[in-house]
Every structure is written in C-alpha cells, then in structure tokens.
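Subject: A structure for you to look at

Hello,

Here is the structure I promised to pass on. Have a look at it first, and then read on for what turned up.

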Amino acid sequence: MSDTMQEEWLKALSYIRSRVEDTAFQTWFDCVKLNTVEDESITLIVPNRFHYEWLESKYRHLINDAIKEAFKKPLIVNYSVILTERTSDSIPKFKESGRRAIPPGYHRPSNLNDRYVFENFIEGKGNQFARAAAISVTDKPGQTYFNPLLIYSSPGLGKTHLLQAAGNRMLRKNRALKVLYITGEKFMLDFIGSLQQNKSSEFTKFYRNVDMLLLDDVQFFVGKEQTQEQFFHLFNDLYQKGKQIILTTDRHPRKLIGLQERLISRFQSGLITDINPPDLETRIAIIMNEAKHTGLDLEYSIVEFVARSISGDIRVMKSLLVRLQALSTLKNIDIDINLCRDVIRENIGESNLQSITYLQILNYISKDLKVSKKLLLGKSRSQDVASARQIIMFLTRKLTNLSLKNIGKELGGRDHSTVIHACKLVDERVKDDVSFSKMIKKYITDLSRFGN
Ligand code: ADP
Ligand code: MG
C-alpha cells in the first residue's frame, strides 16, 4: 500500500469526521482500516460483519462521497472482516422448512403481537445499537456472534417492543419457523404446571423444538433455582443447535443477584446491549408518530411540551397521550398546554412539570418586546407597556403556580382584579387575532424550554 493511498484514505476519513457526530465516528469509523486500493475499487477492513452491515445501511452514501472526494474518482467499496467469523457449517443452519405444506394465514402460536414491529419503533441514540442488533439477528439467526442477544434497560424503554419486533420480522421472512415469545414469568408457570401434571417431558420437548426463543424479563428467574436449572439446559440445547436466543432483563445480568453464575456467563458469551432513555428529539418523534397513528391532532408546541415534561418512560408518555385524547373527547375541548399540565400533574406528578418562574417570564418578555423591566414594574400606562404587562400576567398565570394576588404583587404591586382583567383581555385577543395568538403560542413554547 503506497503512502499516498493511505493519505487519501485519511482525507476520506476527515471528510466523514466533519459530517458525523463524534461518538458515531468513534464507534463506526475509528476502527475501519484501509486494506487495498485498486483501479476501480477500494477494500476496507472492519471488525465484524455487523459492523459492515451497519456501515452499508447507514453510511453508504457518505462513504462513497468521501472516497470520491479524496481519491478524485468514485470507487466500488468492498469490505473485509478481520476476525474469522463462525463459518456456516460450524453451526447447523435452520432447517429449510418452507416447503412443508402450510395453510395460508396459519400462524403458529408464537405469542407475538403484530403491533410491535420495527416500522413503528423510533430510532434514537439511546436505542440504535439494540435495534440494529435485533434486526441483524433476524437476518442471520443463530449465525452471528449475537447469540444470545441480551437487551437490558429500565422499564418502558422498548425491550418488549424490540423483542417482539424481532420475532415478527423473523416470521415475516419465514412463517414456518417456530418463533416463541414468552415472559420469564410465564415460562416459570409453565414449568411448574408441567411438574404438577407430570408432564415435564412434554414441557422439555415443546421448548426444545423452537427455532427462535424470545424470553422477556429474565430477571424474574432471580431466586427461582429450579426454573433456572430448567432454563439452563434448554439454553444449552438450543444454543448447540444454533437456534437464536434473545433475552431481556431490567439490568445488566451481572447485577442480577440470585441468578446462577453459569447462566450469567452464558449470557455474556453473546452480545449484551442496553437501551438508554430517549433524548428530547427521540421523544418528540415518538409522540408525533403515536399521535399520527391514533389520529390525535396535536400542535407542535404541545408535542414539545409533553416531550419535555416526561423524560424516561415511553410507556408513561404514551398513556399520557391516551389520557389527553380521552379527556379532550369527553369534555369536547381542545388539547392545549393547560390541559397537558393538568394531566401531567394528576398522572405523573408536579415534579415533572417544568418549573418556569415568574422572573423568567418577566425577563423574556421584557427582552422580546423591548420594554424595560423598570417600565413594566412602574406606573406607565402607555399602550406598549400595558400590553406587555398583560402578556406577562397571562403567561405567569398559565405557566406558574403563582396566585392572582401574588402575580399582581410581583408586577409592581397591582391588585388581583387587574390580573384577572389582563388575563381576560389577552384571552380575547388570542381568539380574535391570529398573529397575536401565534406570538403567544411561541412564547409558551419558548418558555417551556426553560424548565428542564
Ligand atoms: P419495556 O419492555 O422496556 O418495559 P416496552 O417495549 O413495553 O418497554 O415499551 C413501552 C411502550 O413504549 C410500548 O408501547 C412501546 O411500543 C413503546 N416504545 C418503546 N420504545 C419505543 C420507540 N423507540 N418507538 C416507539 N415506541 C416505543
Ligand atoms: Mg417489557
């Protein structure tokens, strides 16, 4: 490899570096090495097949552009994997069972809910690795390093969704496969039931017959020695046959005190990945997606407000939307910030509401409308000042818990009837004047950002 080629490659890398986020660059490009450059092609070395698939699906265009820019011509990009991947004959492939006569529409009892698919799983920084891994195991079940694949996270971050989506995707590819989704709890109940009815060999036979096992909430096995024992043997049997296993837990398996060491070490032999809470943009995307699917008409400012008020649990976020929809339908009212605040306060708690302070509102409006605080708090009755003051009263009433009396007191010692009057005036103007109403909405959105 000539030094010039290496230099060109470094140029290509810096082209990429300036266009992706640092963490993404470190994860996906730092370890990519140049192998050869031919007349029309370039070969890059990547650590594993998954890495290559990821680059292909996410960064193909960027890599092509970078190479074209650096090498002054387009090159066909080939990848080579350094580590020797498991060869397909070391693990038996799935039996080709597609030829068996299967009545159309027949669905094996997989316990899968077709609501959970990758199409409606919003990708974000916190879940992208887990999602990619879940997709990748359905492309080559049992044949990647990701066996078992274990996904862990705190509740409501999408473990069950991903697990079921993987199962549904697998079934879509091959309906004849025996995909089985089961929770740790149900597995245990099945096992106990089989003991009671003297049917443990049926139990064993049933579970050993699956092609893909999706076991949800394995933390349930903690302290249940017999169930762990049973599962250990099942795991080994499936694993040896090259069947794909995907598991979820609520924390890293090493932290599951009361889970047998040998199970933990089996889990660690595959890929363990976590899901982190969604960032703001992801939360917004999830809400918008959910609203679209449930036919809920939400203004953007509301979407952002809800997304900002709820940080962790996506389940909570979704149930909030259901509640909002129910209330607005029952009471025949529009969903506005006030309704959202009430619902959040009742269902999740005051602490989740952003605490916007009166002073933040005062500062913000004073700056935006270019009216000094001195004037606002003073006696001036000029149109501009009075109007700005009314807006501040209105917003403080809407966005804080300050009483009418205290709002008046803060704003230059005015009495509470002045505040009521101001709120009424602003309310009326919002109804009549579209551009004024837009301005107020923008204020609410902007101010909502102060909270968190
Ligand atoms: P967990 O199993 O981790 O407790 P779930 O998979 O049950 O969480 O997710 C809770 C709810 O949030 C479900 O309704 C699920 O569909 C939804 N959800 C979770 N993550 C996402 C996401 N990234 N995109 C869309 N919906 C999601
Ligand atoms: Mg779950």
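Let me start with the ligand. A backbone N or O atom of Gly 156 lies 2.7 Å from an oxygen atom of ligand 1. Please keep in mind that this is a predicted model, and that the distances here are computed from it.

In Arg 315, a side-chain N or O atom is 2.8 Å from an oxygen atom of ligand 1, and for Lys 318 the distance from a polar side-chain atom to a ligand oxygen is 3.2 Å. On its own, ligand 1 would expose 550 Å², and the protein buries 92% of that.

If you want to find the site by eye, ligand 1 takes up the space of the largest pocket. Around the ligand there are 17 residues, and Ile 122, Gly 156, Thr 160, His 161 and Arg 315 are the closest. Sorted by class, this shell holds seven nonpolar, seven polar and three charged residues. Helix H5 (159-173) and helix H12 (314-331) each provide at least two of the shell residues.

Another part to look at is helix H13, which covers residues 337-347. The buried residues of H13 are Ile 337, Leu 339, Cys 340, Arg 341, Val 343 and Ile 344. After the helix comes Gly 349, which has a positive phi, near 120 degrees.

Enjoy exploring!

Best wishes

Conventions
Residues numbered from 1 in each chain as written. Chains lettered and ligands numbered in written order. Predicted model: local features only at pLDDT ≥ 70, side-chain atom pairs only at ≥ 80, totals over all residues. Heavy atoms only, no water. Near = heavy atom within 4 Å. Polar contact = N/O pair within 3.5 Å; in protein donor to acceptor, adjacent residues only side chain to side chain. Areas by Shrake-Rupley, 256 points an atom, 1.4 Å probe, with all protein chains shown as cover. 1 Å grid on protein atoms, 1.4 Å probe; cavity = no way out; pocket = protein on both sides within 12 Å on 5 of 7 lines; lining within 4 Å. Sits in = over half its atoms within 2 Å of the grid points. Helix = DSSP H or I, 4+ residues; strand = E, 2+ residues; numbered from the N terminus. Nonpolar A, V, L, I, M, F, W, Y, C, P; charged D, E, K, R; others polar. Buried < 20%, exposed > 50% of the residue type's maximum accessible area, 1.4 Å probe, protein only.
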